[in-house]
Amino acid sequence: MPPAAVRRTVGDFIYYYYAKLVIAPAAGQTDNYAFIIDRYKRLGTGEIRISDYDREIGRMATQGDRCAFCSRRAKTKPLEIVPRALGGPVGIHNLVRACARCARSKGKKDLLQWWCDVLGRDVETIPRVPIALYLKLAYERHQVGFRLRKPCHDIRDIWRGGSR
């Protein structure tokens with residue numbers, strides 16, 4: 001759960017988790033609260049922006065046959081981060097490589113619902129590439145739908161767009 005300094009809106013949750021789970025690890029600042037809050041605020045003001053998909057797609061290209069979720073070297077196949085049945089877009093920016101075990105387990109579930117509710121893991125442990133792509137997809141979805149300011153109380157509601 002984000003700290004009290006983070007407003008409870010869809011856009012603010014996306015900015016906070018992008019700062020915490022994508023920017024901070026890339027900068028070697030994983031546990032630096034001041035750095036994370038600074039990046040969150042800078043994302044909110046537009047001083048910095050969520051990066052394009054090229055960075056994550058490039059990282060995937062260097063991973064070879066490693067699962068994006070468990071890092072196991074195995075025969076992998078593309079898996080949708082957000083299934084089309086849930087409104088996920090068609091394209092490489094919605095795909096990661098997954099081993100058969102992770103692919104079966106995730107199935108057609110939303111990334112956060114699967115990771116947190118099915119696997120019982122903390123959102124902060126989702127690997128960088130899948131969560132970066134997921135947050136970018138969610139941002140675009142809500143930006144186009146004018147829902148970034150909609151109330152939100154749980155990160156698992158990001159794809160749906162707000163409170164349960």
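1. Basis. The model is predicted: local features need pLDDT of at least 70, side-chain atom pairs count only at pLDDT 80 or more, and totals for chains, interfaces and linings use all residues. Residues are numbered from 1 along each chain as its sequence is written, and side-chain values use heavy atoms, with hydrogens and water left out.

2. Helix 5. Helices (DSSP H or I, at least four residues) and strands (E, at least two) are numbered from the N terminus. Helix 5 covers residues 111-118, and six of its eight residues are buried, so the rest of the structure largely encloses it. Buried means under 20% relative accessible area, exposed over 50%, and partly exposed in between (1.4 Å probe, protein chains only). The buried set is Leu111, Leu112, Gln113, Trp114, Trp115 and Cys116. These residues pack against helix 4 (100-106) and helix 6 (128-144). Contact here means heavy atoms within 4.5 Å.

3. Ends of helix 5. Asp110 caps the N-terminal end. One of its side-chain oxygens lies 3.0 Å from the backbone nitrogen of Leu112. A polar contact is a pair of N or O atoms within 3.5 Å; within protein, one must be able to donate a hydrogen and the other to accept it, and residues adjacent in sequence count only if both atoms are side-chain atoms. After the helix comes Gly120, with a positive phi near 75°.

4. Cysteines. How many disulfides does the whole structure hold? The search finds zero, where a disulfide is a pair of cysteine sulfur atoms within 2.5 Å. The closest cysteine sulfur to that of Cys116 is in Cys152, 13 Å away, which is too far for a bond. Cys116 counts as buried because its relative accessibility is 15%. Cys152 is also buried, at 0%.

5. Ile126. This residue sits in the loop between helix 5 and helix 6. Ile126 counts as buried because its relative accessibility is 5%. Not counting residues up to four places away in sequence, Ile126 touches Leu111, Leu112, Trp115 and Ile131. Leu111, Leu112 and Trp115 are among the buried residues of helix 5.

6. Ile57. Is Ile57 buried or partly exposed? At 23% relative accessibility, it counts as partly exposed. Ile57 belongs to helix 3 (residues 54-62). Leaving aside neighbours within four places in sequence, it contacts Ile92 and His93. Its C-alpha is 9.8 Å from that of Asn94, 37 residues apart along the chain.

7. Largest pocket. Its volume is about 230 Å³. Of its 14 lining residues, Tyr15, Arg49, Ile50, Tyr139 and Gln143 are closest to the centre. Helix 2 (33-45) and helix 6 each give two or more lining residues. Helix 6 gives the largest share, four residues. The lining divides into six nonpolar, four polar and four charged residues.

8. Second largest pocket. This one holds about 150 Å³. Ten residues line it, with Met60, Ile92, Leu95, Val96 and Arg97 nearest the centre. Helix 3, strand 1 (76-80) and strand 2 (95-99) each supply at least two. The lining has seven nonpolar residues, one polar and two charged.

9. Pocket terms. On a 1 Å grid over the protein atoms alone, a pocket is an open set of points where a 1.4 Å probe fits, with protein on both sides within 12 Å along at least five of seven lines; lining residues have an atom within 4 Å of a point. Volume is the space filled by probe spheres set on the points. Asp, Glu, Lys and Arg count as charged, Ala, Val, Leu, Ile, Met, Phe, Trp, Tyr, Cys and Pro as nonpolar, and the others as polar.
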